[in-house]
Amino acid sequence: MVKRRPVASHVALVGLARLASLASLACAASLPALTSVGSASAAEHRDMSVTMLGSGWYDLGFVALNGAGFAAGRYLLHPARGDRAPLDGLGHRPRDAALGRAADVAVIVGLATGASLAFAGDLGERTQGADRFRGPVITLEGALAGSVITHLVKNLFGICRPRDWDDVARKCTTRGEGHDDEAAVDEAHRSFPSGHSAPLAGMAGAAVGLWLLPSERHDVNLAVALTSLGFSLTVVALRERGGAHSWVDTGAAFISGGLAGFLTAALHLRVRNVQEPAAATAPTPLMFTMGGAF
Amino acid sequence: MGARATVSQRHRTRVRSGSLFACAVIALSPGAARAEEKAPSESPARKEEGGATELPSVAGRPIRRFAQRNVLELGGSVSYVKSNAFTQIGATPTFGWFVIEYMQVSILPSVEYVKTFSAPGEARYSLLLEPSFHFLLAGPVFLFFGAGTGAVYEKETGMGLAVAPRTGLEVLVGGSGVLKLATTFVYTATRRTAIEDGTNEPHTSTFGLQAGYAVAW
């Protein structure tokens, strides 16, 4: 269902988009986009739609930037190796392989479901050409952005996983990892925040952005958001129950991932003049619009 | 002679049918656990559950806990909605299979009949495939989340997409009963637009409460 909001709300959205863009991790990549937003008075005569900023190069840059951050957090950086207890104060919990496996599957199924639904929703809206991939691309970018934050932050604090924490010795061991090597020691200290919970929260945040930010609302994005949100909360619970994380870890990942996803959607906002055909929207050298309402 | 043969035949028939009945009773009896299949090993969380989540053995299957791998579920729900504008009745049988521990894949075919005051009644058919995740809250109560996706068909608007995420509680009742209470969001969309259809809205979004019952084994 398409619902159009009054023009006044567009002005607020432009401001929100600016703030969101400035606060995002991909701030540098978003700066060219800000030039396209235009003044508030001009926005009163314009229609706003969520679409991909620039061409596929913009997506490529976004993915490359975030992919580099992900790789750095996962493989290059190492966490602090202190003996910091799980943040919820509940101490050791045993590793539960079955719950861990269920969480792994939930992440994969959740991401695949969210992206597929976004794609199917775009098809249903009769979008043309590359616009058919707006939904899945933005939601997956949101998942990536959410994941990057957690993988970078994990190395800052070196919090011990509940399954590895020894209550008696007050030390962070590797007994919950199944192997005892340098990689296991790193993994044992990467409890905060949860890397499994963030991508789905990011996808949910991006879907909420896709639903709320454009002038024309498509309820399929609400369906994507609720589905991703459900998967994300499921993973939050499964990871905590499985001894991999404390509630603080999963909660922080849920909030930060959701915000990152929402900001990712905000980064893709652009203003289109409804008085003129889409082709009349003059592209700047740094922003090639691909046209089509979302 | 003929009479004796007849009595004998009747007796044999009675014995045979009695044996078949006995075999069927033994095979389907919850108490008759002939554990030919190896019972799955239990995880730490499972060991703490006690007997509250155990399901009876059926047809020689080992005793399993609810949400363990290979637990099967058969059930359904019926719905009745009465409003100022329309009356709707529906039925949704469900079949579920826990493919891994805590994760179930369900098939949910559904038939709904909607009658508005201004238009003749219409049937709506949908088929959803729903992956869902279940974990124990306390005692015999499980929390679950499922994301049903699939197709919906209406004669007026044609085939379309159906998305139905839902979350709720499952309470194990009796030997193998599962009472399900859930809140659900259902979104359906068809390819035809409102312009083409005149008054028909191709997109529908509804929130609702759902109650169902299933048998698991």
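Here is a short chat about some strands and a surface patch in chain B of a predicted model.

Biologist: Hi! Which way do E6(B) and E7(B) run, and how many bridges join them?
Modeller: They run antiparallel, and 12 bridges join them. E6 covers residues 122–138 of chain B, and E7 covers residues 141–154.

Biologist: Nice. What stands opposite Leu129(B) there?
Modeller: That would be Thr149(B), in E7(B).

Biologist: And how many residues are between the strands in that hairpin?
Modeller: Two, and Gly139(B) in this hairpin takes a positive phi near 55°.

Biologist: Okay, moving along. How many bridges join E7(B) to E8?
Modeller: There are 14 bridges, with E7(B) and E8(B) antiparallel; E8 spans residues 158–173 of chain B.

Biologist: Which residue of E8(B) is opposite Leu143(B)?
Modeller: Leu169(B) stands there.

Biologist: Switching to the surface: which residues make the nonpolar patch?
Modeller: Val173(B), Leu179(B), Leu181(B), Tyr213(B) and Val215(B) make a patch of about 380 Å².

Biologist: Which strands each supply at least two of its residues?
Modeller: Strands E9 (177–190) and E10 (203–216) of chain B do. Leu179(B), for one, has its place in E9.

Definitions and conventions
Residues numbered from 1 in each chain as written. Chains lettered and ligands numbered in written order. Predicted model: local features only at pLDDT ≥ 70, side-chain atom pairs only at ≥ 80, totals over all residues. Heavy atoms only, no water. Pairing = 2+ DSSP bridges. Helix = DSSP H or I, 4+ residues; strand = E, 2+ residues; numbered from the N terminus. Patch = residues over 30% accessible without salt bridge, like charges linked within 9 Å, V, L, I, M, F, W, Y side chains within 5 Å. Areas by Shrake-Rupley, 256 points an atom, 1.4 Å probe, with all protein chains shown as cover. Salt bridge = Lys/Arg side-chain N within 4 Å of Asp/Glu carboxyl O.
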